[in-house]
Amino acid sequence: MTILDLAIWFSLLGLLLTLYLMWFTWYCWPALLHKSHCAWCWQSLHLMQWYPRRWSSTICKRHDRRLRAQSAERRARRLAGTQLPGEVRA
Ligand SMILES: [Zn+2]
């Protein structure tokens, strides 16, 4: 293996790593930020006391689906006329 082969190999490796980091930043970073900034995830992990105050509260897809399902269930119960034990009818 000559010096030229090593130079070509390392330049290809550097190019591939650069492309991979660009792909990761473009596609995965917003999803990771969304997940890491979800206040409900922090609360479910009992880490709410360390949730940074400067972060705006966002919600991940999993907790968004769960909260929407809970509110739909509450709405359906309200329309059906039954009440949850702690719920006060306005
Ligand atoms: Zn979450």
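Read along the sequence, the pattern is α-α-α. The radius of gyration is 24 Å, well over the 12 Å that the globule rule gives for 90 residues, so the chain is more spread out than a compact globule. Turn the view along the principal axes. The C-alpha atoms fill a box of roughly 80 × 30 × 20 Å.

Now colour by confidence. This is a predicted model. The average pLDDT of the protein chain is 86, and 90% of the residues score at least 70. By element, α1 has the lowest mean pLDDT, at 88. The highest mean belongs to α3, at 93.

Next, colour by burial. Of the 90 residues in the protein chain, 1% count as buried.

**Stop 1: α1.** Select residues 3-36. The count of buried residues among the 34 in this helix is zero, and α1 is hardly covered. Now follow the helix to C28. There α1 bends by about 50°. Show P30 as well: this proline follows the bend within four residues.

Stop 2: Check its backbone: phi is positive, about 60°, although H46 is not a glycine. Is H46 buried or exposed? Count the C-beta neighbours inside 10 Å. H46 has 8, and 12 or fewer makes a residue exposed, so H46 counts as exposed.

**Stop 3: α3.** Select residues 61-80, a helix of 20 residues. How far does α3 reach from its first C-alpha to its last? The span is 28 Å, close to the 28 Å expected at 1.5 Å a residue. How many of the 20 residues of α3 are buried? The number is zero, so α3 lies largely in the open.

Stop 4: Select G81, which follows the helix. Phi is positive here too, near 95°.

Finally, zoom back out to the whole chain.

Technical notes
Residues are numbered from 1 along each chain as its sequence is written. This is a predicted model: local features need pLDDT of at least 70, side-chain atom pairs count only at pLDDT 80 or more; totals for chains, interfaces and linings use all residues. Helices (H or I, at least four residues) and strands (E, at least two) are DSSP runs, numbered from the N terminus. The expected span of a helix is 1.5 Å times one less than its number of residues. The radius of gyration is taken over C-alpha atoms; the globule rule is 2.2 Å times the number of residues to the power 0.38. The bend at a residue is the angle between axes fitted to the seven residues ending there and the seven starting there. pLDDT is the predictor's confidence in each residue, from 0 to 100.
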